[in-house]
Amino acid sequence: LQKKVQIFSKLLPALRLSDEKPVRKVEWINRERVLVLASRGVSYLGRHLMKDLIKMMPHSRTESKLDSKRQLTVLSCIPLVPNCVVFFEARKKKDLYLWMSCVPNGPSVKFLLENVHTSSELKLTGNCLKASRPILAFDPSFDNPSAPHLRLLREMLVQIMGTPNQHPRSQPFTDKTFVFGILNDRIWFRTYQIAEESAALVEVGMFLF
C-alpha cells in the first residue's frame, strides 16, 4: 500500500484547486491558409461579398488588388503564398467571376457568380460567431460516381472553406454550418446558424455560383 501511495504522489500534484482546468497541449496540425483578393474594377457588391467571405474564414488573409491586365499565373509568385487562392475577377464592370485554386500545381475552378446578396442586404435573423469553426454539409450529388468533377470540387471546397482545428484566429465553438447544394446545374451556398437551445437552423446568408 505504501508503494502505491508513492506512485500516485509522483503522478498527481500535491495541491490542486477543484476549479483548475487541466492543461492540454494545443495541436495545430493543419496549416492550411487561403489568400483572398480581387481584381481592379470590381464593383461594390463584389467588395462587400469578399469581405463577408473573409469574415467567415479566420484562416484567410488578404492582399492588394491585382491588375486585370496581368496574367493569373502571377498569383503563385506572390511571396509567402498560402496553399489556396480565392480570386474575384470583374469583367465588363458587370460580370463577377470567382476563381478557386490550390497552388502551385492546381487544380483550379472558375465560377460565374449569380444572385449575389451580402449579409447587410438580407437582414436575416441568423447570428453566429465571427470566427467559429463551421460544419460543411454537401448535397448527395457531390458523391455521384458518374460526376468526378463534383467530387473534386467538394474536396477543394473542404480545403478552402473548412477552418483548421486549433487555428490561432478561430474560436473553439461550432455554431454554424455551410451548406452546398446543386440545383439546375448551379451550386447554392447557404450559411445557417445552429441555435443553441433547439439545434434548429437559422439562415444567415446565401449566394449562387
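The legends below describe close-up views of a predicted model.

Residues are numbered from 1 along each chain as its sequence is written, and side-chain values use heavy atoms, with hydrogens and water left out. Local features need pLDDT of at least 70 and side-chain atom pairs count only at pLDDT 80 or more, whereas totals for chains, interfaces and linings use all residues.

**View 1. Overall layout of the protein chain.** The protein chain has 4 helices and 9 strands; helices (H or I, at least four residues) and strands (E, at least two) are DSSP runs, numbered from the N terminus. Read from the N terminus, the order of elements is α-β-α-β-β-β-β-α-β-α-β-β-β. Of the 209 residues in the protein chain, 37% are buried. Buried here means under 20% relative accessible area, exposed over 50%, and partly exposed in between (1.4 Å probe, protein chains only). Among contacts in the protein chain with a separation of 6 or more, 60% join residues 24 or more positions apart; contact means heavy atoms within 4.5 Å.

**View 2. The largest nonpolar core.** A nonpolar core is a set of buried Ala, Val, Leu, Ile, Met, Phe, Trp, Tyr and Cys residues joined through side-chain atoms within 4.5 Å. The largest such core has 34 residues, of which V86, F88, M100, I160, M161 and F180 touch the most other members. At least two residues of this core come from each of β1 (34–38), α2 (44–56), β3 (84–91), β4 (95–102), β5 (108–112), α4, β7 (176–183) and β8 (186–194). Helix α4 gives the largest share, 6 residues. The core lies between domain 1 (34–113) and domain 2 (132–208), because both give residues to it; the domain bounds come from an automatic or database domain assignment. A second, separate core has 5 residues, including L35, L37, V85 and V103.

View 3. Helix α4 spans residues 148–161 and has 14 residues. From its first C-alpha to its last, α4 reaches 20 Å, close to the 20 Å expected at 1.5 Å a residue; the expected span of a helix is 1.5 Å times one less than its number of residues. L150, L153, M156, L157, I160 and M161 are the buried residues of α4. These residues lie on the same side of α4, because they cover an arc of only 115° around the axis; the arc is that of the directions from the helix axis to the C-beta atoms. With neighbours within four places in sequence left aside, I160 is in contact with V34, M57, H59, C84, V86 and M100.

View 4. The 13 residues of α2 should span 18 Å at 1.5 Å a residue, and the end C-alpha atoms are 19 Å apart, which agrees. Buried in α2 are G46, L49, M50, D52, L53 and M56. Because the buried residues fall within an arc of 160° when seen down the axis of α2, they line one face of the helix. Y44 and K51 are exposed on the other side of α2.

**View 5. The cysteine pair C84 and C102.** The structure holds 0 disulfides, a disulfide being a pair of cysteine sulfur atoms within 2.5 Å. C84 is in no disulfide, and its nearest cysteine sulfur, that of C102, is 4.0 Å away. C102 likewise is in no disulfide. C84 counts as buried at 0% relative accessibility, and C102 counts as buried at 10%.

**View 6. T163 in the loop between α4 and β7.** T163 is found in the loop between α4 and β7. T163 has a relative accessible area of 4% and is therefore buried. Leaving aside neighbours within four places in sequence, T163 is in contact with P58, H59, R133, P134 and S170.

View 7. Most residues other than glycine have a negative phi. Phi of N184 is positive, near 55°, and D185 has a positive phi of about 60°. N184 is exposed, with a relative accessible area of 58%; D185 counts as exposed at 80% relative accessibility. F189 lies in strand β8 and counts as buried at 2% relative accessibility. F189 and V179 are 10 residues apart in sequence, and their C-alpha atoms are 5.8 Å apart in space.
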